[in-house]
Amino acid sequence: VLLNWTVMILYNYFSAMFAGPGYVPLGWAPEKSQDCMYLQYCKVCQSYKAPRSHHCRKCNRCVMKMDHHCPWINNCCGYQNHASFTLFLLLAPLGCIHASFVFVMTMYTQLYNRISFGWSSVKIDMSAAKRDPRPIIPFGLSAFAASLFALGLALGTTIAVGMLFIIQMKVILTNKTSIESWIEEKAKDRIQYYQTGEIFIFPYDMGSKWKNFKQVFTWSGVPEGDGLDWPVREGCHQYSLTIEQLKQKADKRVRSVRYRAVEDYSGVCCPVTKGVKTFFTTPCTEEPRIALSKGDLILATRGLKHWMYGEKILDSAPDGGIRERGWFPRKCVEKCQYDSEMDQTMDGEKKTR
C-alpha cells in the first residue's frame with residue numbers, strides 16, 4: 001500500500017512539474033480587434049493577456065488561469081496542471097497518515113515488548129525484545145530514533161500540505177484561483193471606497209460546486225476549454241473580470257504617491273547600513289527589491305512601517321511606461337514636495353470616479 005501511495009504521489013507531482021500550467025501564445029490577440037480595449041497588454045510577451053491569465057516573473061511568461069508560482073514544483077500552478085497539483089496535495093497527506101500509523105504501531109509494539117514494570121521504577125531495555133527474542137526486523141535505539149524522526153516529518157507534512165489542499169479546494173469549488181480571490185476582494189474595497197453602487201459578480205462561478213469541480217477535474221485528465229475562452233454565468237461576459245482589473249489598475253495609479261530617492265540602495269534583501277529595524281523587518285515575500293540611486297523617482301503603491309513597494313520610473317524608457325517594481329527601505333526616500341498640489345487634483349479625480 002505504501003508503494004502505491006508513493007507511485008501516485010510521484011506521478012501527480014511530476015505531472016504538475018513537467019506538464020506545466022499552459023502559456024498564452026506569444027503575440028496573442030483576441031479575434032475581434034475591438035475587444036483589445038478590455039485587456040491588458042504584456043510588454044514582455046508582446047501580447048494581450050487573455051482572460052484569467054497573468055504574467056509570472058519567475059517563468060517570464062503569461063500563464064493561463066494562473067493560481068500561483070510554486071517553488072516546490074519549480075513551475076506555476078495553472079490551467080493544465082491545476083488538477084495534478086491538487087491531487088498531489090491530497091495524496092501526500094493521505095500517504096503520510098498511513099506512514100504515521102505504521103510508525104506509531106511499530107514503536108508501540110516494540111516498546112511494549114521491552115518495558116518491565118518494577119515496584120519503584122519502569123525500565124526500558126532497547127537491546128532485545130523480552131517476549132520475542134527473534135524479531136523479524138531488528139529494532140534498537142537508532143531505529144527507534146529514526147522512526148520517531150520520520151513520524152515527526154510525516155505529521156508535519158500532513159498538517160502543512162493538508163492545509164494547502166483545503167485552501168485549493170475552496171477556490172476550486174468556487175471556480176476561482178488564489179489571484180482571482182484577491183481581485184474579488186479588491187473589487188469590493190474599490191466599490192466601498194468610491195461608493196459607486198456597483199455590484200461585482202464573479203463571472204466564472206457556475207453556481208454549483210459540482211459544475212465548478214468539473215471545470216478542473218475530468219475523467220480524461222484534460223481540463224475543459226482551451227485556456228483562453230471560458231464559460232461565464234448569466235449577466236456576465238468574457239471580459240467582466242478584465243474590466244475590473246483595468247479599473248483597479250487605474251485606481252492604483254490614482255492612489256500612488258510620488259517619492260524621490262535621497263539615499264542610494266543596492267537592492268539587497270536585508271540591508272545592514274539602513275538601520276537595525278529595516279534589517280530585521282524586511283518583507284517576507286518573493287517579490288523583488290529595486291536598487292535606487294539618489295534622485296530616482298518612485299511611485300509608491302503600498303508600504304510597511306520601514307519598507308515601501310513601488311515602481312521606479314525610468315526616464316530612458318521610450319514610452320515612459322516601463323518601470324521596475326519592488327520593495328525598498330522607507331528611509332531611502334522622501335515624498336516629493338509638489339505632491340500636495342497633486343493630492344488636490346487626485347481628490348477631485350476620486351470624487352469624479
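Which residues does UniProt list for "transmembrane region"? The unreviewed entry gives residues 87-108 and 136-167; such annotations may be inferred rather than shown by experiment. The structure here is a predicted model, where local features need pLDDT of at least 70, side-chain atom pairs count only at pLDDT 80 or more, and totals for chains, interfaces and linings use all residues. Residues are numbered from 1 along each chain as its sequence is written, and side-chain values use heavy atoms, with hydrogens and water left out.

As for confidence, the protein chain has a mean pLDDT (the predictor's confidence in each residue, from 0 to 100) of 84, with 86% of its residues at 70 or more. Where pLDDT is low, the predicted coordinates should not be read in detail.

Residues 87-108 are 100% helix (a DSSP run of H or I, at least four residues), and the end C-alpha atoms of the span sit 32 Å apart. Helix H2 covers residues 82-112, and its axis comes within 8 Å of that of helix H1 (residues 2-19), crossing at roughly 155°. H1 is therefore roughly antiparallel to H2 (angles over 145 degrees count as such).

Methods
Helices (H or I, at least four residues) and strands (E, at least two) are DSSP runs, numbered from the N terminus. Axes are lines fitted to C-alpha atoms, for helices over the stretch in contact, and angles run from 0 to 180 degrees between N-to-C directions. Angles under 35 degrees count as roughly parallel, over 145 as roughly antiparallel, 65 to 115 as roughly perpendicular and the rest as oblique.
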